[in-house]
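Please keep the sequence and the coordinates side by side while reading.

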Amino acid sequence: MNHFPEGFTWGAATAAYQVEGATTEDGRGESIWDRFCSVPGNIKNQESGAVACDHYHRYLEDIQLMRDLGLRAYRFSIAWPRILPQGRGEVNEAGLDFYERLVDAVLAAGLEPFVTLYHWDLPQALQSELGGWASRETPRHFAHYVDIVSRRLSDRVKRWITLNEPYVSAFLGYETGIHAPGLHNSRLAWQASHHLLLGHGMAVPVLRANGGADTRVGITLDISPVYANSDDENDLYVARVLDSAHNRWFLDPIFRGSYPAITLSGLGNRGIAPQIEQGDTATISQPLDFLGVNHYSRTLVRQKPDAEVGAIDWMHPENAEYTEMNWEIYPQGLYDVLMRLHKDYKIPSIYITENGAAFADSVGEDGYVHDERRIDFYRGYLQQAHKAIEEGVPLQGYFAWSLLDNFEWAEGYSKRFGIVHVDYSTQQRIIKDSGFWYRDVIQANALA
């Protein structure tokens, strides 16, 4: 048996827009995802999070599922448009009341709430009126929103995550356009990435001021190790460039107080470097208590043949196994990420805040969901997490993604990540075999 440290936090995670539904109820304002989903062609099958898993109405049922699974913690996000329908201005008390009820119910069930303050659902008004995260005003509005939420909940919530995956918010939202707000502007994307980090930095002291001595503050980054396809110097170079743009662009300013020079100079050469004002990096590099790591797969690259040096070719090994998202299953990548964070950044505490897999599972004739491949996925990745702990990485907890099958952004409801199956037509929940397997791991605090 591979035993995990005593007190290790075992949890599962969700995000507001992916599970709550009730997008027009109790004073909630429109988010950029509501708007984005309303545009034909943006989302598979024209779907949206308007109903999702109806968690807004069924959270007590879902918390009972968490108890049945033996979870120790629940990571969820707060929808900014529920608190401030216009992103600023008048506070919607009904929104605060909902999250207060949710937190109280989570605590009453013996679970610890891990609260993410921004999981991509920016109030649409801030996008329409300011330009969203491309505007320097948005970080200030974010800090104000964080102040309102933490004043209400910090007597009960001790673990706060400022942002979820700012890389995705910035680049899938403002550059590739496959996420809300659906823009295609590289300069705005890099500016948004800086403003997201600025918002994070502004929120950290607010959370500390409103919380007690036991308040812990972190951020969640999606970190994918970048490997060169060979030892060829051009392959190694493009791997370095991509790692700097995807991983170090966020890690370095937070933990080292400066952006990576290799990326800054490249952006300067292209004329799309973000405007960074004096004092910004000091704001961003506020000391943190932990880092949340979302990890799913690795990135394998080479120099694109017959192209200028630095042109990247993404590789998909033919002999590898892939999830329904077409992400390679590569458990060692998690070990490599954790070891690197520990060695290069000396982070005091790390949580895996998301890890999981989408597979095309369904309810069998016996009424159960037999998702053996998901169990294999979790086993492989948890073995690597355990190995990293044995080698000194301060990994404090692990959150399966996701508690429930849910709205998978641009993929609509076509991809199922849950350890609990959801029938979207009836909202019936069925714990999958992977959920029962995870329950046993938690009970033993060990991996067989």
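**A walk through the predicted model**

Trp120, in a model that is predicted rather than determined by experiment, lies in the loop that connects strand E4 (112-118) with helix H6 (124-130). Although Trp120 is not a glycine, its phi is positive, at about 85°. Its relative accessibility is 7%, and because the cut-off for a buried residue is under 20%, Trp120 counts as buried.

Trp409 is not a glycine either, yet it has a positive phi of about 50°, and its place is in the loop between E12 and E13. With a relative accessibility of 3%, Trp409 also counts as buried. The loop between strand E12 (395-401) and strand E13 (420-423) is also the place of Ser402, and the peptide bond that leads from Trp401 to Ser402 is cis, with omega near 10°. Another cis peptide bond runs from Ala180 to Pro181, again with omega near 10°; here Pro181 is found in the loop between helix H8 (166-174) and helix H9 (186-210).

How many of the seven residues of E12 are buried? Six of them are, so that the strand is mostly covered. Strand E2 (residues 9-13) runs parallel to E12 and is joined to it by five bridges, and within this pairing Ala12 stands opposite Ala400 of E12. Strand E11 (residues 350-354) is likewise parallel to E12, to which three bridges join it; in this case Ile350 has Leu395 of E12 as its bridge partner.

The structure holds zero disulfides. For Cys37, the nearest cysteine sulfur is that of Cys53, 14 Å away, and for Cys53 the nearest is in turn that of Cys37, at 14 Å. Why is neither in a disulfide, given this separation? Because a disulfide requires two cysteine sulfur atoms within 2.5 Å, the 14 Å between the sulfurs of Cys37 and Cys53 rules out that pairing in the model. Both residues are enclosed by the protein chain: Cys37 counts as buried at 6% relative accessibility, and Cys53 counts as buried at 0%.

The last stop is an open sheet of three strands in the order E7-E9-E10, in which the pairing is mixed. Strand E7 (226-228) and strand E10 (312-314) stand at the edges with a single partner strand each, so one side of each has no neighbour in the sheet. From one strand to the next, the twist averages 40°. Strand E9 (residues 299-303) pairs with E10 in the antiparallel sense over three bridges, and the bridge partner of Gln303 in E10 is Ile312. Helix H10 (residues 233-255) packs on this sheet and touches E7, E9 and E10, while its direction makes about 135° with that of E9.

Methods:
Residues numbered from 1 in each chain as written. Predicted model: local features only at pLDDT ≥ 70, side-chain atom pairs only at ≥ 80, totals over all residues. Heavy atoms only, no water. Helix = DSSP H or I, 4+ residues; strand = E, 2+ residues; numbered from the N terminus. Buried < 20%, exposed > 50% of the residue type's maximum accessible area, 1.4 Å probe, protein only. Pairing = 2+ DSSP bridges. Axes fitted to C-alpha atoms, helices over the stretch in contact; angles between N-to-C directions. Contact = heavy atoms within 4.5 Å.
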